[in-house]
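Have the structure open while you read.

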Amino acid sequence: MSEVQVHAAGQRPSAAAAREGCGRLLRVRVPADAICWHRFFGALQLALIGLLFLTGVLMALAYTPVPGTAYDSVDYFQFSLPFGDVVRGVHHYAWNLLLVVMALHLLRALVLGAYKAPRQPVWVSGVLFLLVIPLFIITGDLLPWDQKGYWSTQVRFSIIASVPLVGDFLVQLLRGGPLTGIVALTRCYVLHILLLPGVLLLLIGLHMYFLATRGLSGPPAGEAAARPQVPFLPTIANRWLAVFLASAIGLGLAARLWPAPLGDPADPTDSSFIPRPEWWVLALNQLVAIFKGPFMVIGSAIIPGALIFLLAALPFLDRSPERRPSKRRGVLLGAAVVLAAWAVLSVMGYVEHFVQPEP
Amino acid sequence: MSKWWVGGMAAVLCAGAFAAASPPEDAGVMTITARYTQNVPTGIDDPIWQRVAQAQVPVSGRLEMAGVRGMVSTRALYTDRDLHFLLSWEDPTRSVTKGSWQYDGQKWVHLAGDEDRIALLFEIQRIQHFSSRSCAVVCHSPADLPREKWSLATKSPVEKGDLWHWKAARSDPYGYADDGWLTVAGNPSGSYRETGRRNDAGNGGDVKNETPDGSRPLYMQDPARRPSVPGFLLREEAVPILDYSRFKAGDVIPYRLPVKPDGSRFDVKAASRYAEGRWTVMLSRRLNTGREDDVVFDPRKRFSFAIAVFDDTGGDHSKTTRSLVLVFKR
């Protein structure tokens with residue numbers, strides 16, 4: 001055992017460092033509007049991710065990632081364990097809400113020009129969330145091993161496989177064989193609870209670091225003006241806790257009133273089951289449906305990939321320092337066109353899958 | 001500006017939450033929705049049934065009935081305590097004969113004709129693939145039996161079904177559907193060798209009304225009692241026939257005598273009517289009977305089930321539904 005080194009002042013170095021760190025944190029001051037009643041999407045996003053982590057850990061305590069028992073373990077957790085329905089429901093509603101909040105967070109930054117210098121890395125790291133969060137949903141959907149999750153995963157695998165060069169390889173990597181079975185379930189589970197959370201934590205850290213070093217965006221018309229500052233601890237931390245508690249209570253109530261869906265157990269031999277796309281992939285599904293056959297890759301990879309690339313590259317394409325929306329009509333018009341197209345595709349997808357009767 | 005912004009965003013958040021709260025049903029499985037009511041339906045004609053959407057559930061024949069199709073109009077209601085089904089299906093003839101005895105002046109013969117029935121099967125413990133393949137997965141007699149002799153049974157002992165069996169001649173006189181459960185065949189042996197059907201605890205069912213040599217009926221209606229269900233001979237109202245010379249040609253005595261039900265076997269109460277070429281049957285059971293041989297209906301969950309309709313038959317051959325799922329909605 002190594003000898004414990006003691007500071008001249010009688011303190012261990014780690015304790016001194018911790019004390020110094022706390023002192024620095026206590027001295028941190030941030031703009032008062034970092035979290036306020038009209039600016040809370042970032043805080044809400046972080047609260048929802050926190051809830052997803054917490055509820056995910058609780059569910060993992062009862063989950064068995066084996067096709068024969070995965071469904072039963074989820075069923076047992078939700079309907080037999082005390083508050084299992086609330087925990088699983090919060091997890092379900094949290095990711096749905098996270099997608100909405102994430103989109104609104106980006107939209108707000110886009111409309112108010114918050115992506116502009118010097119905050120380009122803040123924006124880019126934020127856009128990267130758009131790539132990671134859906135991966136959580138894709139890998140998480142298979143875990144209950146119900147019909148919807150199983151067959152939705154099959155559809156997604158076929159879409160991923162249409163991506164040129166890497167598609168088949170990615171599917172093989174995820175599925176681990178010709179059939180979606182225990183290997184695929186294990187890999188999705190490991191990705192969902194281990195690797196993707198690691199990537200997400202890294203992204204959150206990067207986003208926060210860039211926020212701290214590049215600063216929060218101020219009002220578009222008067223960013224240079226001095227803004228009131230408040231201490232991070234306890235003012236901002238308390239506000240975040242309030243957001244966290246409010247979302248936990250709200251989602252908990254929703255989960256109690258409207259239980260999270262759990263379909264029938266997966267039957268890989270039942271190819272008659274037709275999964276209907278969830279609301280957030282209606283537009284993507286419609287894109288895939290428009291470009292059929294050899295052109296499927298246009299809808300499955302090229303258009304979504306180009307949109308993400310354009311979004312990430314926005315600060316480098318729109319370099320003018322002007323942030324006022326009224327002076328940036330070109331960018332906003334472009335964004336409105338993309339959003340409108342997305343909405344139209346979603347409505348088309350809804351009509352096709354939910355309104356028109358089955359043949 | 002910020003007020004409009006916040007208002008708009010709040011609306012979008014609410015819409016997102018709504019979208020997540022109401023997941024759409026997927027294609028492939030037909031859903032029967034049990035609607036909540038505070039008022040217990042008093043019978044088939046209770047107006048409350050008219051307020052519940054009716055699902056037309058297709059049934060199609062198996063084996064020698066292959067190609068025969070039909071519809072079962074299905075409604076479901078639930079209260080804080082009970083679940084109720086109202087089932088109605090076309091049947092050109094009311095069949096309750098069930099091999100009744102008829103005296104031809106010289107000997108006793110069995111009349112042609114059997115019985116109309118309807119059965120519902122739920123899962124007590126998950127039956128592998130039942131939710132997607134319905135009754136096709138509960139046909140598992142021992143492997144040494146020829147396939148055509150396979151009967152209703154699960155594949156493994158961990159799979160367990162709950163069987164509600166309404167029989168026009170044998171359970172309807174007492175106003176119930178015979179409540180049984182389903183497990184593997186062959187255990188115990190003997191009469192259970194070929195089937196996995198088991199009776200719930202308690203009395204019920206019926207006894208055969210025949211002498212040990214099977215040549216004539218053993219019981220008749222107690223002359224001192226008026227039949228409580230005209231046209232049927234209940235076991236509790238039957239007395240041994242001491243003098244067969246009292247019967248004249250054409251007299252009919254039921255062959256199957258319903259036994260007064262009680263216990264878990266009597267959990268599913270029934271009311272029925274046959275009119276204008278249709279059977280209409282109302283079945284009611286507690287959501288949770290507290291018994292291990294019954295499925296527990298938790299309104300938060302969905303329940304796979306199947307319906308089978310039997311027209312004037314005593315065998316397993318019926319018209320069955322594909323996979324159905326029962327959900328509860330307030």
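A helix axis here is a line fitted to C-alpha atoms over the stretch in contact, and angles run from 0 to 180 degrees between N-to-C directions. Helices (H or I, at least four residues) and strands (E, at least two) are DSSP runs, numbered from the N terminus. This is a predicted model, where local features need pLDDT of at least 70, side-chain atom pairs count only at pLDDT 80 or more, and totals for chains, interfaces and linings use all residues. Residues are numbered from 1 along each chain as its sequence is written, with chains lettered from A and ligands numbered from 1 in the order in which they are written.

Let's start with chain A. Helix H3 (residues 67–79) of chain A packs on helix H4 (residues 84–111) of chain A at about 110°, and their axes are 5 Å apart. That angle makes H3(A) roughly perpendicular to H4(A), a label that covers 65 to 115 degrees. On the H3(A) side the contact uses A:Phe77, A:Gln78 and A:Phe79, and H4(A) answers with A:Gly84, A:Asp85 and A:Arg88. Contact means that C-beta atoms, placed from the backbone, lie within 7 Å.

Now for the domains. Chain A splits into domain 1 (32–276) and domain 2 (280–319 + 326–359), with bounds from an automatic or database domain assignment. The C-alpha centres of these two domains of chain A are 21 Å apart. Where they touch, domain 1 of chain A gives 18 residues and domain 2 of chain A gives 17 residues. On the domain 1 side, H4 and helix H5 (120–142) of chain A each supply two or more residues, and H5(A) has the largest share, six residues.

| Strand pair | Bridges | Direction |
|---|---|---|
| E1(B) (residues 30–36) and E20(B) | six bridges | parallel |
| E18(B) (residues 303–310) and E20(B) | three bridges | antiparallel |
| E5(B) (residues 101–103) and E14(B) | two bridges | antiparallel |

Opposite B:Leu326 of E20(B) stands B:Ile32, and opposite B:Val325 stands B:Ser304.

Technical notes:
Parallel < 35°, antiparallel > 145°, perpendicular 65-115°, else oblique. Contact = placed C-beta atoms within 7 Å. Pairing = 2+ DSSP bridges.
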